[in-house]
Structure formats: C-alpha cells, structure tokens
Amino acid sequence: MIDSVTAEKLAFEFLTSEWNVPAEDRDWFTILSTRTLGKDGYDIEIGIDGFPDRWLVEVYDNGKCEPYYEFSSPIRDSETNSDLEDLPDWIAQVLIAERKHR
C-alpha cells in the first residue's frame with residue numbers, strides 16, 4: 001500500500017494535470033485533508049487557499065486515481081462569482097464551470 005504523502009502527490013498531479021495547470025500556477029492549489037480508506041487507499045481533499053470550493057480525489061492502494069473526482073462548494077452557480085476576481089482568469093473559469101456542473 002502507498003503512504004499518505006505519495007497519495008497526496010498522486011492526487012495533486014492528477015487534478016492539476018486534468019486541467020493542464022501550468023507549473024507556475026500550481027501553488028494556488030493545496031492539500032486540505034487526507035483520509036485513509038483502510039487498506040483500499042486514501043481520499044485526498046484539494047482546494048484553493050481562501051476559497052470554500054473542494055475537490056475530492058480517491059487514490060487507490062495501487063497508486064491509481066479514481067478517474068472521477070468529486071467537487072463541492074457552498075456557493076451556488078446562481079450566486080455572484082465576485083469572489084474569483086483575484087484569481088488567474090483560467091482558474092476562475094474552472095471554478096465557475098465546476099460550480100455550475102455539480
């Protein structure tokens with residue numbers, strides 16, 4: 001079984017690769033929590049500092065990531081997105097899209 005640090009790296013790489021995040025923008029994202037799933041692997045929660053939006057990536061004990069991550073946010077797509085104005089535009093667009101499609 002992989003350890004939690006390896007699982008966090010794999011989840012982070014999976015999520016940032018999913019959106020083709022440039023290396024210089026990856027520091028916007030952070031690991032918020034790691035929960036063990038027993039012998040099955042880990043749930044890794046990733047977010048953006050200062051924002052309530054969360055992505056949950058499941059990493060199996062063999063090092064593979066579940067291809068479908070979960071997104072959650074207390075902000076509804078009908079609410080204003082003015083909280084995103086300090087983010088790079090492409091990250092703001094990802095959050096807007098995620099908020100609309102959850």
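Two residues are in contact here when they have heavy atoms within 4.5 Å of each other. By this criterion, and leaving aside neighbours within four places in sequence, Phe29 is in contact with Phe12, Thr16, Trp19, Val21, Ile46, Gly47, Ile48, Trp55, Trp90 and Ile91. The structure is a predicted model, in which local features need pLDDT of at least 70 and side-chain atom pairs count only at pLDDT 80 or more, while totals for chains, interfaces and linings use all residues. Residues are numbered from 1 along each chain as its sequence is written, and side-chain values use heavy atoms, with hydrogens and water left out.

The predictor's confidence in each residue is expressed as pLDDT, from 0 to 100. For the protein chain the mean pLDDT is 90, and 95% of the residues reach 70 or more. Confidence is highest in E3, at a mean of 97, and lowest in H2, at 85. Such labels denote DSSP runs numbered from the N terminus: helices (H or I) have at least four residues and strands (E) at least two.

The strands may be considered next. Two strands are said to pair if DSSP finds at least two bridges between them. E2 and E3 pair in the antiparallel sense over seven bridges, and Gly41 has Tyr60 in E3 as its bridge partner. These two strands form a hairpin with five residues between them, and in the turn Gly50 has a positive phi of about 85°. E3 is also joined to strand E4 (residues 70-72) by three bridges, again in an antiparallel arrangement. Here Trp55 stands opposite Phe71 in E4.

A nonpolar core is a set of buried Ala, Val, Leu, Ile, Met, Phe, Trp, Tyr and Cys residues joined through side-chain atoms within 4.5 Å; buried means under 20% relative accessible area, exposed over 50%, and partly exposed in between (1.4 Å probe, protein chains only). The largest such core has 26 residues, and those with the most contacts inside it are Phe29, Ile48, Trp55, Val57 and Val59. H1, E2, E3 and H2 are the elements that give two or more residues to this core.

The structure also holds two salt bridges, each defined by a side-chain nitrogen of Lys or Arg within 4 Å of a carboxyl oxygen of Asp or Glu. One joins the side chains of Glu13 and Arg26, at 2.9 Å from N to O. Because Glu13 lies in helix H1 (residues 4-18) and Arg26 in the loop between H1 and strand E1 (29-36), this pair ties together parts that are 13 residues apart in sequence. Glu13 counts as partly exposed, at 39% relative accessibility. The loop between H1 and E1 also holds Asn20, a residue other than glycine with a positive phi, near 55°. Asn20 is exposed, with a relative accessible area of 66%.

In the other salt bridge, the closest N and O atoms of Asp53 and Arg99 are 2.8 Å apart. Asp53 lies in the loop between strand E2 (41-48) and strand E3 (54-60) and Arg99 in helix H2 (residues 89-101), so the pair links parts 46 residues apart in sequence. Both residues are buried, and Asp53 has a relative accessibility of 0%. Not counting residues up to four places away in sequence, Asp53 touches Ile46, Gly47, Ile48, Phe71, Ser72, Ser73, Leu95 and Arg99.
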